[in-house]
Structures are given as C-alpha cells and as structure tokens.
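Hi everyone, thanks for coming.

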Amino acid sequence: MYTQSMDLPGGTPERSAFEGREDRTDQDRFDAKLRADHKIEAQDWMPAAYRKTLVRQISQHAHSEVVGMLPEGNWVTRAPSLKRKAILLAKIQDEGGHGLYLYSAAETLGTSREQMVDALLSGQSKYSSIFNYPTPTWADIGAIGWLVDGAAIMNQVPLCRCSYGPYARAMIRICKEESFHQRQGFDIMLTLCRGTPEQKAMAQEALNRWWWPVVMMFGPSDSASIHSAQTMQWGIKRISNDDLRQKFIDATVPQIELLGLDLPDPALRWNAERGHYDHGPIDWSEFKRVLDGDGPCNRERIAARVQAHEQGAWVREAALEHARRQRERQTKAA
C-alpha cells in the first residue's frame, strides 16, 4: 500500500540463489516483454536488480499494511457506536489480509516471509512513515480512511498494471477494498462536520494534523527521487511521485470544501493556467526524520510488532506441527 521509502537507500536483503550471470538473450527477452507491456511472472528470468527492487517495494508495502492496523486498533473499544465498531474491525481485518497477499507475492521472488518480518523487526526494512503519527481523537480514524487510504488508492491503482504479475494481481483486490475504506473515512468526517461545533472542530484539527504527512506519502519530489526513473522504466511504477501528489490534491480539495473545512495549506490556490492546484512548500526534513525512526510513534509501533511476533510464536509453531502431522497421515494412508 505505501512504499515511499523505495526512494531512500537500504532495504530487505534478497536471496543470493537468483544472483548470477545475466545472459544477453535473457535480457533481450525481458526487455521485449516490458516493451510489449506483458507481465513478468515468477518463473521468468529477470535482472537481479529488478528482483531486488520488487522484494524491497513489495515487502515494505506489506509491512505498511500490517503496521497500519496499529493506529486504528486502539479505537475498536472506543468507537462511538456498535456500527462504527463493526466497520472499524472489518477495516483492520482487511489491512491484515492485504499484508498477507503482499507477503505471498514477495515470496514468489525467492525471499521468505521470515526474512521479510525479521528485516522489519530489526529496522532493516522500512514501512510508510504515515503510520508513525498518533490518533488521539475519533476524527483521526476518519482522516486515516479518507486521506491516508485515499492517497493509497491514488498510488496503488497504477500498481494494478505493474509489470510483475503476482504484485499486479494482488493489487486488484486490495484497491477494491481500499475504496471502501476511503468511503468509511469520509463518512466519519461528514458526520462530524454535520454535528456539533465541537465535532466539526475535531474534524478540522484532524485534517490539519494529517494533511502534510499525507501529502508527503507519495515520496520525495521527482528531482530528489533515487529509484523512480528506473522503476518507471521497468514498468513497476507508472506515474511519478509529483504527478500522483498533484492528482491527490486536485481530487481532495473539492472534498474539503464540501465538508466546509478550512484548507490546511494557506498557500494552496487554483492555478487556472495549469489547470491544477498549487500548494505550499513541503517540509521534507520532517519526512526524512520520521522515516528514519524519529517520529511521534516510531518506537511504539515497532515495539508493538515485536511483542505481537513474540506472543504469536506458539501459533506459528502449532500451525507447523499441524501441517507436519497432516503430511504424516497422508503418507501413511498412501
């Protein structure tokens, strides 16, 4: 869902079994498939750098889906109604499922789930910086669904046409579910804005806090992006960071106006000549600081994942033992 750290150095180590001689004929076939807009499949030859990039991007995307459950999790017991509680539970369950699809897609590239999870817990692999911000009010849950998942959809719909088949196919279902998440978030914000003055003020405060982190979700500007040119050449990425950011702002500003909220960016203006909104300067130092581990909730998020991993060890062991016994019974029956 969220892979802006692709533009920064570092990532998940891939298995060396796929490293080796890059035969020119294989390279030509690979290039021809990309030119024809055909999918690269797991069994196909691919350059080591293409494989490494996909492992890094897909694993970081999976990590973001799983860590993304945490900011909303503490509101399950505090949701304002039974209906809201049920909807939030379903949304959190969806995010866990998205992580599963993506880890499975990454495994087709020759990396194990254990490797990917270990890289996350040890800090070697990144996840989206957006999930390192707190959710102090119910309006934050609305802002996450409306803005964060809205930005995710803007970024992820082009991934349905990604050149790597397993990733592209996983994204089709994920995008459909994310669209419901966005509607759920906007519905929360709309209800608050039609409520008491205090409720509308809560919605405005949440918008103010989330606006700039969400605008930064699309990653560094194209001029500062390390990997964008190559990933676009490979057909992994279809639209540049700045173009995605512009599409998101153009789509979201009318929604803010419909809610009757104030724009969080005082410099934001419609540019008739460009046919787009101009926005103010982005504080990229905050983006890098949070992504590097110094955000409001970085340590809390990783600590929660480490604790969940340790406490879930018995479940993994039980599942493996059950699978072993099933194989044993099938062998005896044969």
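Of its 16 lining residues, Y127, L291, G293, N298 and I302 are the closest to its centre. Two or more lining residues come from each of α5, α11 (284-294) and α12, and α11 gives the most, with four.

Quick background: this is a predicted model, where local features need pLDDT of at least 70, side-chain atom pairs count only at pLDDT 80 or more, and totals for chains, interfaces and linings use all residues. Numbering runs from 1 along each chain as its sequence is written, and side-chain values use heavy atoms, leaving out hydrogens and water.

What about the largest pocket? That one holds about 540 Å³ of space. Its lining has 19 residues, with R113, V117, R305, H309 and R316 nearest the centre. Here α5 gives the most, six residues.

A pocket, by the way, is an open set of points on a 1 Å grid over the protein atoms alone, where a 1.4 Å probe fits, with protein on both sides within 12 Å along at least five of seven lines; lining residues have an atom within 4 Å of a point. Volume is the space filled by probe spheres set on points joined across faces, edges and corners. Helices are DSSP runs (H or I, at least four residues), numbered from the N terminus.

Last, helix α4 (residues 82-107): at 1.5 Å a residue, its 26 residues should span 38 Å, and the end C-alpha atoms are 38 Å apart, so the two agree. That expected span is 1.5 Å times one less than the number of residues.
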